[in-house]
Amino acid sequence: MLRILPYPHPALRYESRPVIQIDDELRGFVREMFDLMYAARGVGLAANQVGLPYRFFILNLTADPEKKEEEQVFINPEIVKRHASVENEEGCLSFPGLYTNVRRAKKIKFQAFDLQGNILQKEADDLFGRAFQHETDHLSGRLFIDTLGPLAQHSVKPKLREFEKSFRAAQAAGEYPSDEDIVRQLDAMNQPAAVSR
Ligand code: ZN
């Protein structure tokens, strides 16, 4: 069973490997991730946020579980062009309750595969563009708190310390393995041999 991992779980800093096969296992992960995302009232979720070190993420910009037609899956996404920049508020399901302004490209051009294996080449702006950049960053272990200016960084610090404290407490209580063991597990999953069959 998957769960959304909170900061500073090491999976959030893990560089994921490309997906090499779209199979039932992947489709199962996607379904489970949508359910977790809706339960947490989010619009996007990256695979490594649930401990899967693979390059894909899901979006439903309406956050509405009734609107299945708005569900999007992006596999091996790449941002190929960025245009201008704009600041706006962001949150993240791995940082419940934390919102801060983040500067992102105003408009992007991206490339990715969908769950049917079709290649997508599109432009994205507004919420779509922002969410796409946020989730693609996740897959490289980058988080929305990484690019804040000094002032914003200062203001999120107390909240980050709280997250750190409660994660370490949960770890000490045996709810999560040690950081070293988590990374070992992710490395083992990250071997292409582990998913090819
Ligand atoms: Zn996030």
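The accessible surface of the protein chain comes to about 10,500 Å², and 51% of that area belongs to carbon and sulfur atoms. Keep in mind that this is a predicted model. Let's look at the overall build, then the strands, and finally the zinc ion.

**Overall build**
- The protein chain has 4 helices and 5 strands, and from the N terminus on they run α-β-β-β-β-β-α-α-α.
- The radius of gyration is 17 Å, close to the 16 Å that the globule rule gives for 197 residues, so the chain is as compact as a globular protein of that length.
- Along the principal axes, the C-alpha atoms fill a box of roughly 45 × 45 × 30 Å.
- Of the 197 residues, 46% count as buried.
- Among contacts between residues at least 6 apart in sequence, 66% join residues at least 24 apart.

**Strand β2 and its partners**
- Strand β1 (residues 44-46) runs antiparallel to β2 and is joined to it by 3 bridges; leucine 45 has isoleucine 58 in β2 as its bridge partner.
- β2 also pairs with β3 in the antiparallel sense, over 4 bridges, with leucine 59 opposite glutamine 72 in β3.
- In a regular strand, side chains alternate between the two faces of the sheet.
- Both faces of β2 (residues 56-59) are covered: Phe56 and Ile58 are buried on one side, Phe57 and Leu59 on the other.

**The zinc ion**
- Its protein donors are Cys92 (SG), His134 (NE2) and His138 (NE2), lying 2.0 to 2.2 Å from the zinc ion.
- Cysteine 92 sits in the loop between β3 (72-90) and β4 (100-113), while histidine 134 belongs to helix α2 (residues 126-139), so this pair links distant parts of the chain, 42 residues apart.
- In sequence, the donor residues are spaced C-x41-H-x3-H.
- Cysteine 92 and histidine 134 are both buried.

Terms used: Residues are numbered from 1 along each chain as its sequence is written. This is a predicted model: local features need pLDDT of at least 70, side-chain atom pairs count only at pLDDT 80 or more; totals for chains, interfaces and linings use all residues. Side-chain values use heavy atoms; hydrogens and water are left out. Donors are N, O and S atoms within 2.8 Å of the metal (3.2 Å for Na, K and Ca); water is not among the atoms, so sites may look incomplete. Helices (H or I, at least four residues) and strands (E, at least two) are DSSP runs, numbered from the N terminus. Buried means under 20% relative accessible area, exposed over 50%, partly exposed in between (1.4 Å probe, protein chains only). Two strands pair if DSSP finds at least two bridges between them. The radius of gyration is taken over C-alpha atoms; the globule rule is 2.2 Å times the number of residues to the power 0.38. Contact means heavy atoms within 4.5 Å. Accessible areas come from the Shrake-Rupley method with a 1.4 Å probe; for residues, only the protein chains shown count as cover.
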